[in-house]
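Please open the model in your viewer and keep the selection tool at hand.

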Amino acid sequence: MYPLRRNRRLRTNEAIRSLVRETVITPNDFLVPLFVVEGKGVKDEIASMPNYFRYSLDLLEKEVKELWGLGLKAVLLFAKVPDHLKDNKGTEALNPNGLMQRAVKTVKNACPDMLVMTDIALDPYSSVGHDGIVQNGMIINDESAEVLAKMALTHAQAGADFVAPSDMNDGRTLKIRELLEQEGFINTGIMAYTAKYASSFYGPFRDALDSAPVDLVDVPKDKKTYQMDFGNRIEAVRETLIDIEEGADIVMVKPGISYLDILRDIKNEVDVPVAVYQVSGEYAMIKAAAEKGWLNHDQIMLETTIAFKRAGADIITSYFAKDVVKLLG
Ligand SMILES: NCc1[nH]cc(CCC(=O)O)c1CC(=O)O
Ligand SMILES: [Mg+2]
């Protein structure tokens, strides 16, 4: 008796495989993270993120035009703030003429139709490297949320289309939504990092922005009192439903590849677009293994990217965005 079903018929050659492929990827799937710094003519490679750079605003302009030319239509901005501007209150985060606010304007001038999202958290502005204000060894929730809302408003005023709170303080999405509504920014979107885990995969990012928690008494050494415990799954759905109730238009899971179960759980549970963030450590791991010749860079890049979409991601935030799109041709 021959096998009742010969599934291999649908795998015989690339033509049939592509005909029946369930998940494909296009430039429309990507959100591109970009790091900006002060200066002119700066294109600084990040040591732990090979072939990824911090750009000064003049070169940021060039970069976003190139992205646009490749069909990439959305960017997520992060600013590297000089040390002398950091404090424990987020003062510089609220500067209407700060680096982030100027970066938003730069992108909008260079590429008016590019969708601009901005990261909302205090860590790049914090003298102690935390996403909120630290007092007596604690990140104080409600006061931090207030500052983050004000920060979001300055980004909206600069022209950001979406703000993306990545801090994991409770109630920050509502605070941001309320302030944006009050100030007339009714169309500014919120992409909430809603299931964000206390992960060691963020290491290279903290190098990129020099934003890691500092080693001082009375400063928590890690972000475990606000970011989620990586043993938890049900909590991710709870966090997400709350962010949607509070006014998030898009929700995000972070990191990516080790959290595909969370991504699928959330996708099955909610009716808003779901984003995933393939974070810096995931990028670094693939780059390092590929450099050693232990993994095939392009194939792994495609495989992980497709995995995100298959697991339910509507939006993929990835340092590989440009490379994937170039590879797809
Ligand atoms: N709150 C800031 C923020 N926004 C995005 C990332 C990580 C992104 C990456 O690793 O690529 C972080 C770092 C952190 O929470 O420590
Ligand atoms: Mg939350």
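This is a predicted model: local features need pLDDT of at least 70, side-chain atom pairs count only at pLDDT 80 or more; totals for chains, interfaces and linings use all residues.

Residues are numbered from 1 along each chain as its sequence is written, chains are lettered from A and ligands numbered from 1 in the order in which they are written, and side-chain values use heavy atoms, with hydrogens and water left out.

**First stop: the ligand**

Select ligand 1, which 19 residues surround (each with a heavy atom within 4 Å of it). The closest are Lys196, Lys223, Lys254, Ser280 and Tyr319. By class, this shell has nine nonpolar, three polar and seven charged residues (Ala, Val, Leu, Ile, Met, Phe, Trp, Tyr, Cys and Pro count as nonpolar, Asp, Glu, Lys and Arg as charged, and the others, Gly among them, as polar).

Next, display the side chains of Lys223, Ser280 and Asp119. A polar side-chain atom of Lys223 lies 2.7 Å from an oxygen atom of ligand 1. For Ser280, a polar side-chain atom is 2.7 Å from an oxygen atom of the ligand, and for Asp119 one is 3.4 Å from a nitrogen atom of the ligand. The protein covers 100% of the 400 Å² of accessible area that ligand 1 has on its own (Shrake-Rupley method, 1.4 Å probe).

**Second stop: the cavity**

Where does ligand 1 sit? Its place is the largest cavity, meaning that more than half of its atoms lie within 2 Å of the cavity's grid points. A cavity is a set of points, on a 1 Å grid over the protein atoms alone, where a 1.4 Å probe fits but cannot get out; lining residues have an atom within 4 Å of a point. The structure holds three cavities of 30 Å³ or more, and the largest has a volume of about 140 Å³. Of its 16 lining residues, select those closest to the centre: Asp123, Lys196, Tyr202, Phe205 and Lys254. Elements E9 and H6 each give two or more residues to this lining. The lining comprises eight nonpolar, two polar and six charged residues.

Now select Val20, Arg21, Glu22, Thr23, Val24, Ile25, Ile306, Arg310 and Leu328, which line the largest pocket. A pocket is an open set of points with protein on both sides within 12 Å along at least five of seven lines. This one holds about 280 Å³ of space.

**Last stop: the backbone**

Go to Pro255, in the loop between strand E10 (250–254) and helix H8 (260–269). The peptide bond from Lys254 to Pro255 is cis, with omega near -5°. Finally, select Asp210, in the loop between H6 and helix H7 (234–246). Asp210 has a positive phi of about 50°, although it is not a glycine. Helices (H or I, at least four residues) and strands (E, at least two) are DSSP runs, numbered from the N terminus.

Note on methods:
A polar contact is a pair of N or O atoms within 3.5 Å; within protein, one must be able to donate a hydrogen and the other to accept it, and residues adjacent in sequence count only if both atoms are side-chain atoms. Grid points are joined across faces, edges and corners, and a volume is the space filled by probe spheres set on the points.
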